[in-house]
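Me: I would like to go through the labels given to this model and see what each one rests on. Here is the entry.

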Amino acid sequence: MKFFAFLLFSGFIANLTAQDLFDKEINKLIDPSSKPFCFGVASGDPQQNSVVIWTKVLNDSDQTVAVNWEIATDSAMKNVVAGNEFRTSFSSAYTVKLQVKNLQPATTYFYRFETGNIFSPIGRTKTAPLKSNQLRFAVVSCNNFEHGYFNAYHLLANRNDIDAVIHLGDYIYEYGANKNKKHKSVRQHIPEHEILNLQDYRSRYAQYRLDKDLQEAHRLHPFINVWDDHEFANDAYKEGAKNQQADEGDWNTRKATAKKVYFEWIPIVDNAEESVIRKISYGSLADVFMIDTRVEERCKQVGPYDTLLQCTTRTILGAKQTAWLTQGVEHSVARWKVIANQVVFSELDAHQLTKKSRINADAWDGYPEERKELFDSFYANNTRNIIIVTGDIHLAWAFDLVLNPTNKNKYDRKTGKGVIGAEYVVPSVTSNGLGERIPRGLAKIVELILKRKSTNPHLQFQNLVDHGYMLLDLNNERANATWYFCKTVRKRTEKFSDKDSWSTKWNENRLVKEK
Ligand SMILES: [Fe+2]
C-alpha cells in the first residue's frame, strides 16, 4: 500500500471526523428517525453452516462503538441461537460485518443489531442446503441510481421464494451527476463529481444504500456479490481503466480505495486478499463459482481487429484463477455448475450490424484464447451442465454454451451436439441500454440481424431494451431462466410488462423455450 493510501485509510489526513465520512449532501437524505441504522441491514455469502450479517451505524463522535447482534430462528427474535458484541470504529466507517458460524443448513434465520438501546430493523436470511430438489436464485446487475428507480429490487423484496440474490456487479457507478438538460436523469448522483477518493466512494455507496427498495431487498434476502468495472471505473482492468484519466491520480490507489469501500458496504466474507473469487456450495444441486474478470488479472482491452486478440498470453482471469475454476468445475459433484460472471462469455459476431466494432472486445470476445482454454478443459473432461450467468451489457440474452457455434461439425442446434450448458445474460436493473438509444421497433430489427444462423446460431433468446431481473430455477431435471421485465424505471411502479422463460435439460443442455 502506498503511504498516501495508508494515510487516507487511517483517517489521519485533513483531521477527518465522523461527520466527514460522507459528502454533506448525504446527511440531507437521512431520516433522523432511522438513526443510527439508517443504511438498514443486510446478509450475504450464505454457506451451509454460516452467513455474513451486516449493518453500519451513523456515529456523531469519533469514538469506537459497541454494537450487539443476535440471530434467531423466529421473526419475533425469541429463539436466539447466537449473539455477541461487535466493536466498530472510524477506520471502517463504522461498518458492522461478521460471519455467523455453527448454523443449520437450509434454514431461514432472522437477525438484528442494537446500540444505545436502539434496535435495527430485523433482517431475514437463509443458509445454503446440503441436499435439495429445488433452488431459486434471483440474478441482477447494473443498478445505475441516476438512470431509474430500483423497481426490480422492490419486487424481489416482496418475494418469499428466493434462496439468494446473485449480484453480478455494477452495484454503483462512478460517474458524476448528469448535467445534460436534454436527456435528464431520473435522479442525481452524490457527489456531483466523478468519485475518486475515499469519501467519494463511501458517499456513493451511502446514497445507493439509502434507496428504500435496495435496502429492503438486502434486508429480506442474502446477497452473493461480485464486482464489475463501475465499482472502480468504466472498463477497468488490472492496471487501469478507460475512465481513469492522467489527472485523476494513481490507479492503484484508486483501486485500493474502491476495494476497501466495497468490502465496507457489501455483505461479503472479508479476506486478506480483498478478493471476490470464491465458491458458494448449494449442496447436491449447485456449486456457484464467483469469478473476477475485471481487476484480478485482466490485461488491457484491445480493438476488435487488433492482432493481439489472438495472443495466448493475454488473460482475463489469470492463470491462477483459470486453474481454480477449471479444476473446481471438473471436480464438482453438484448437479449444476453455476459460474457468476461479469462480461458476456459467448462468442457474438456483430459484423453485420457494424463492421467497425464487429465484436465487444471488453467482453470474453476480447480474450478468445483464454475462453478456448476453458472450453477445451470442459470438453476434455466431458463436463456438462454449466450455467453461466452474466451481467454488464444491459440486455437479456440466452446462448447455447458452445465453443464453435458456426462450425456445423462441432455444433448442432437440433441435437445439442457440442453444447455443454447455457449462458443466461441478465438485463440491467436500471442502467441505460439500447432501449434508451433507439426506438423499440429498430431494436427488433437489430435482434433479427444478430440472430442470423450464419453468424450467431447459438443465440436463442434476446430482449435488447427492457430492464428487470432474472430468476434461475434449478432442479434435478432442468436449469430454467425466467426474465421479468419492468414496465418502466422512470417512476416507481410494481408493474411488469413481460416475462420470458428458457430452460436447459440436465445432460441434454440445448436451450428450449418454455411456454
Ligand atoms: Fe453496467
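Reply: A residue is called buried under 20% relative accessible area and exposed over 50%. The model is a predicted one.

Me: What makes Asp-170 buried or exposed?
Reply: Its relative accessible area is 1%. The cut-off for buried is under 20%, so Asp-170 is buried.

Me: How do you know whether Cys-142 is buried or exposed?
Reply: Cys-142 has 0% relative accessibility, and under 20% means buried; therefore Cys-142 counts as buried.

Me: Which atoms coordinate the iron ion?
Reply: Cys-142 (SG), Asp-170 (OD), Tyr-173 (OH) and His-394 (NE2) do, at 2.1 to 2.5 Å.

Me: Why is the site of the iron ion called irregular?
Reply: The angles among its 4 donor atoms run from 87 to 168°. Tetrahedral would need all angles between 85 and 135 degrees, so the site is not tetrahedral, and it is classed as irregular.

Me: What is the phi of Asn-117, and is Asn-117 buried or exposed?
Reply: Asn-117 has a positive phi of about 65° and is not a glycine. Most residues other than glycine have a negative phi. The relative accessible area of Asn-117 is 71%; exposed means over 50%, so Asn-117 is exposed.

Me: What about Ala-93, buried or exposed?
Reply: Ala-93 also has a positive phi, about 55°. Its relative accessibility is 1%, and buried means under 20%, so Ala-93 counts as buried.

How values were computed:
Residues are numbered from 1 along each chain as its sequence is written. This is a predicted model: local features need pLDDT of at least 70, side-chain atom pairs count only at pLDDT 80 or more; totals for chains, interfaces and linings use all residues. Side-chain values use heavy atoms; hydrogens and water are left out. Donors are N, O and S atoms within 2.8 Å of the metal (3.2 Å for Na, K and Ca); water is not among the atoms, so sites may look incomplete. Four donors count as tetrahedral if all angles lie between 85 and 135 degrees; four count as square planar and six as octahedral if opposite donors are over 155 degrees apart and all others between 65 and 115; anything else is irregular. Buried means under 20% relative accessible area, exposed over 50%, partly exposed in between (1.4 Å probe, protein chains only).
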